[in-house]
Amino acid sequence: MEDKRNIQIIEWEHLDKKKFYVFGVAMTMMIRVSVYPFTLIRTRLQVQKGKSLYHGTFDAFIKILRADGVSGLYRGFLVNTFTLISGQCYVTTYELTRKFVSDYSQSNTVKSLVAGGSASLVAQSITVPIDVVSQHLMMQRKGEKMGRFQVHGNPEGQGVIAFGQTKDIIRQILRADGLRGFYRGYVASLLTYIPNSAVWWPFYHFYAEQLSYLCPKECPHIVFQAVSGPLAAATASILTNPMDVIRTRVQWDCSLNSGLYICKAGALLLEPHIQSRKGNFNVFHA
């Protein structure tokens, strides 16, 4: 009987490229449709000050649904679908980089780490402008705005995913910031998604391997993969979520600079420890 602990890793040369791209796009689109409302809610929660508008994920979901209907949960969705292009660039870069690194190292962890980071660098260079526009559309609420820009078409909030509003936001970004405005938070995005991608793949293979040892040999490989993916995603998100909050706020608020905001965030995190040390210092030098 085959030892289920030996999980075969599919490399670039094993792939049916036509099926890989066709099914890849279709599956990504299905996932995007199902999780986009939560992406919108996450973005709004990240940019609000304290609990000024929403008190949590469920509260935000109910309030958006009541105010804007189901379509309100899909603001900016059509623009966001253009990231499917960057998604295909990501997987292609990942697979080709793994193939290249395999000439120098056979360690799956090394290949996954380097390939994941490289793929994210390529993908973010394409994604950031789309992200910036999409996030400003996410911030639109019926009759008011949460972000810097307010769409001027149809004040009643109908046609919230129309490209007319997208063109309006693009014009406002160009007028306010020029072309650089579409790359706001680019450094913060790299500092978020390169580490996220770089750790996701090693953790994915790690969890799959550990599950293969824990489960009976008769357990199909697809079970390991189905469980390992979410576990790796949760681990990577926990590690990179603080940087993701900074990325979102920098892209949304023109007054913030990636480097300065990161430094301020770091200072706030260290402040309790600094105050504690100062307190100890004062005690011993009273």
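How many residues apart in helix α8 are Arg247 and Asp244, and about how many helical turns separate them? I looked this up first: they are three residues apart, which means about one helical turn. I take helices as DSSP runs of H or I with at least four residues, strands as runs of E with at least two, both numbered from the N terminus.

**Ground rules.** I am working on a predicted model, where local features need pLDDT of at least 70 and side-chain atom pairs count only at pLDDT 80 or more, while totals for chains, interfaces and linings use all residues. I number residues from 1 along each chain as its sequence is written, and side-chain values use heavy atoms, with hydrogens and water left out.

**Salt bridges.** I count a side-chain nitrogen of Lys or Arg within 4 Å of a carboxyl oxygen of Asp or Glu. The whole structure has five such bridges. Arg247 and Asp244 make one of them, at 2.8 Å from N to O. Arg42 also bridges to Asp244, with the closest N and O atoms 3.7 Å apart. Arg42 sits in helix α1 and Asp244 in helix α8, so this pair ties together parts 202 residues apart in sequence. Arg247 has a further partner in Asp131, at 3.2 Å between the closest N and O atoms. Asp131 belongs to helix α5 (residues 108-138) and Arg247 to α8, so here the parts tied together are 116 residues apart. I note Arg42, Asp131, Asp244 and Arg247 as one linked network of salt bridges.

I then checked burial, where buried means under 20% relative accessible area, exposed over 50%, and partly exposed in between (1.4 Å probe, protein chains only). Arg247 is buried at 1%, Asp244 is buried at 5% and Asp131 is buried at 11%. Arg42 is partly exposed at 34%.

**Helix α1.** I found a kink of about 50° at Val35, shortly before Pro37, in α1 (residues 17-47). The bend is the angle between axes fitted to the seven residues ending at a residue and the seven starting there. Buried residues of α1 include Arg32, Tyr36, Pro37 and Arg44.

**Aromatic pairs.** Rings of Phe, Tyr and Trp (its six-membered ring) pair if their centres lie within 6.5 Å; planes under 30 degrees apart are stacked, over 60 edge-to-face, the rest tilted. I count 12 pairs in the structure. Tyr94 and Trp201 have ring centres 4.1 Å apart and planes at 20°, so I log them as stacked. The two are 107 residues apart, Tyr94 in helix α4 (residues 83-101) and Trp201 in helix α7 (residues 186-214). Tyr94 is buried, at 3%. Ring pairs join Tyr94, Trp200, Trp201 and Tyr204 into a cluster.

**Thr235.** I placed Thr235 in helix α8 (residues 221-252), and it is buried at 16%. Leaving out residues up to four places away in sequence, Thr235 touches Phe203 and Tyr207, contact being heavy atoms within 4.5 Å.

**Cysteines.** I looked for cysteine sulfur pairs within 2.5 Å, the rule for a disulfide, and the count is zero. The sulfur of Cys219 has its closest cysteine sulfur in Cys215, 4.5 Å away and too far for a bond. Cys219 is buried at 14%, whereas Cys89 is partly exposed at 27%.
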